Amino acid sequence: MKNFKLKYFVTTIWLIVFGLILAGCRIEIPKSDNLTNAPTREITDDLGRRVQIPAQIKRAVSLAPNLTEIVFSVGAGDKLVGVTSFCNYPQETQKIPKIGDTISPNIETIIALKPQIVLVSTSSQIENFTKTLDAQNIAYFVTNPQTLDDIYKSIHQIGDIVGKKEKADEIVGTLKKRVADVEARTNAADDVRVFMQFSKDSLFTIGKDSYMTDLINRAGGISVTKDVVTAYPQLSKETALALNPEAIILSDSEDNQSPNDAFKNSPAVKNNKIFKINADIISRPAPRIIDALEQIAKSLHPKSFE
Amino acid sequence: MKVPSPKSQVPGLRFGVGLLLLLAFTLFIAVLLGSEKLSFFELNEQQKAILFDIRLPRVLLGASVGASLAVAGASLQSLLRNPLAEPYLLGVSNGAALGTMLAFVFFANFEFARPVFAFLGASVATFAVYQMAKSRAGMNTERLVLSGVIVTTFLSSIIVLLTSLIDAAKLRSFTFWLLGDLSQATINGFYLTFAVAIVGTIVLSSQAKALNLMMIGERDAFDFGVEVEKVRLIIFTFAAALVGTSVAASGSVGYVGLIVPHLIRLAIGSDNRLVIPFSAISGAIFVVLADTVARVAIAPRELPVGAVTALIGAPMFIYLLRKN
């Protein structure tokens with residue numbers, strides 16, 4: 001009797017599964033008409049993907065605060081129909097609908113906004129929803145800047161995507177000039193050995209793949225963790241102590257207001273070379289990163305800026 | 001589980017001395033190894049700081065945490081008559097983790113609140129699992145494991161909810177700490193954990209005789225004059241205290257309370273008078289070794305120690321579950 005019931009149960013489950021598979025085959029997912037008629041062009045993103053995008057972009061969604069800042073900087077903020085709850089700069093972002101945060105964006109909200117392109121940074125877990133975006137025929141463009149030059153490239157590419165190529169060239173030109181000025185002032189000075197601290201207790205820092213390693217380099221410093229693999233490693237306290245940094249940069253957040261105890265005898269702490277930088281500015285590879293560069297350079301080499 | 005005759009006390013003693021020597025050797029090796037090479041015969045100021053301020057407190061805290069978790073596991077297993085009872089799998093560690101987080105959110109400046117809240121969280125979780133798992137027919141393995149799963153996932157979801165509600169930066173370090181992380185070891189954290197580990201091991205060992213009788217059956221134990229209710233309360237309280245202080249210091253290091261007592265029972269049988277103190281020593285050895293791997297494997301980066309213990313513990317859990 002028990003077996004009989006079980007058999008029925010299993011059969012029913014199979015029927016349901018089979019039915020669902022059939023239904024899945026038959027239901028045609030309604031596709032937005034982004035790519036069907038409109039002319040397209042091809043661009044290559046930072047993952048080496050070739051992306052077909054509409055020639056003219058009118059509706060874009062940004063999944064990272066730095067991408068939102070880049071879009072606004074090239075003067076195409078009006079094309080953003082959705083941004084993340086992390087996007088707080090510039091002021092105008094407040095009026096744009098939110099699609100969740102960078103780590104867990106809401107795919108339904110994104111689709112409902114009918115974007116022609118979704119701008120993604122590798123800080124999103126894109127694998128989760130790229131299949132859905134593909135099925136919906138929504139293009140996505142992935143950025144992964146690891147140097148200052150990569151950030152320029154992101155600005156160029158995003159400018160190109162939203163049809164503001166000239167403006168992007170102009171912005172990058174200005175940024176390059178500011179960087180050149182900083183480099184000219186700090187070139188003669190000795191490199192300062194810098195430790196970048198993101199959280200006091202778990203001691204997250206920058207490794208060789210972070211654009212901040214390049215940034216510190218250009219500001220007349222040298223990151224003491226520049227050879228550690230990955231972009232944002234959690235460093236051993238012993239190694240941190242042995243690195244003996246001459247300056248410590250704190251990304252300014254609630255859990256990161258002072259250097260880790262491992263640094264208490266370092267020249268940085270002894271000479272009070274501890275500098276805080278706005279976390280939003282330092283952690284976003286966008287035009288404002290040059291503000292951070294100038295601030296770091298001035299902190300490390302005050303005499304060069306007198 | 002067979003209760004060995006008192007004659008086995010002598011090999012037990014030898015086994016214990018052997019374990020203590022092994023612990024001493026393990027501590028020695030663990031202090032030698034690290035992401036920075038130290039030349040022990042001529043230490044400069046900086047190397048002294050690495051050794052005494054960072055490496056030594058971490059190794060000692062690891063030993064205390066390992067001892068606490070293994071003793072808690074061994075006692076809970078005897079009390080619940082189930083070799084799968086383990087603080088991490090029963091949700092006791094998660095209860096302690098939630099308590100620690102609450103203390104961190106509401107009493108951020110009062111560091112001593114964390115172990116206290118962790119203890120309270122662990123106690124509530126223990127009580128909840130026990131109430132859910134017991135039935136008129138007694139407590140079978142499936143019921144206990146399922147109750148543990150339910151309590152664990154329920155507490156996990158509250159933890160996730162908390163991290164989403166509260167400013168991300170404030171609780172960011174918790175994500176790693178939750179996996180079991182000894183990198184934030186301080187000498188003060190060690191003192192408290194060590195004291196609780198010692199007191200807990202002594203108190204729980206003192207209940208070993210009663211536990212031996214209760215392993216046969218609670219009714220039989222009662223007939224032999226064991227105050228079953230009182231023993232149960234003592235075991236639950238001290239297990240929760242051991243788990244609570246460990247979690248407050250290092251997050252949820254999983255599977256220690258499962259693997260260690262199991263191996264001890266394989267070696268010397270299931271007399272709790274031996275299993276509980278020997279679990280303490282072996283637990284210390286196991287976590288110190290696992291943490292040495294965590295510190296050295298990808299140096300100068302670090303792994304959370306909980307990832308290493310789970311890597312060894314999860315397959316072992318499946319093995320035990322199948323054997324049952």
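Me: How much area is buried between chain B and chain A?
Reply: In this predicted model, 23 residues of chain B are in contact with 23 residues of chain A. Carbon and sulfur atoms give 51% of the area buried between the two chains, and that area is about 2,000 Å².

Me: How far apart are the closest N and O atoms of Asp53(B) and Lys264(A)?
Reply: Between chain B and chain A the count is 11 residue pairs in polar contact, both residues being at pLDDT 80 or more, while the count of salt bridges is 3. Asp53(B) forms a salt bridge with Lys264(A), and the closest N and O atoms of this pair lie at a separation of 3.6 Å.

Me: Which helix gives the most to the side of chain B that touches chain A?
Reply: Helix H2 (45-80) and helix H6 (168-178) of chain B each supply at least two residues of the side that touches chain A. The residues of that side divide into 7 nonpolar, 6 polar and 10 charged. The helix that gives the most, with 6 residues, is H2(B).

Me: Is Ala286(A) buried or exposed?
Reply: Ala286(A) is found in the loop between helix H10 (279-282) and helix H11 (289-300) of chain A. Leaving aside neighbours within four places in sequence, Ala286(A) is in contact with Asn66(A), Glu69(A), Ile70(A) and Ile151(A). Because its relative accessibility is 0%, Ala286(A) counts as buried.

Conventions:
Residues numbered from 1 in each chain as written. Chains lettered and ligands numbered in written order. Predicted model: local features only at pLDDT ≥ 70, side-chain atom pairs only at ≥ 80, totals over all residues. Heavy atoms only, no water. Contact = heavy atoms within 4.5 Å. Buried area = accessible area lost by both parts, 1.4 Å probe. Salt bridge = Lys/Arg side-chain N within 4 Å of Asp/Glu carboxyl O. Polar contact = N/O pair within 3.5 Å; in protein donor to acceptor, adjacent residues only side chain to side chain. Helix = DSSP H or I, 4+ residues; strand = E, 2+ residues; numbered from the N terminus. Nonpolar A, V, L, I, M, F, W, Y, C, P; charged D, E, K, R; others polar. Buried < 20%, exposed > 50% of the residue type's maximum accessible area, 1.4 Å probe, protein only.
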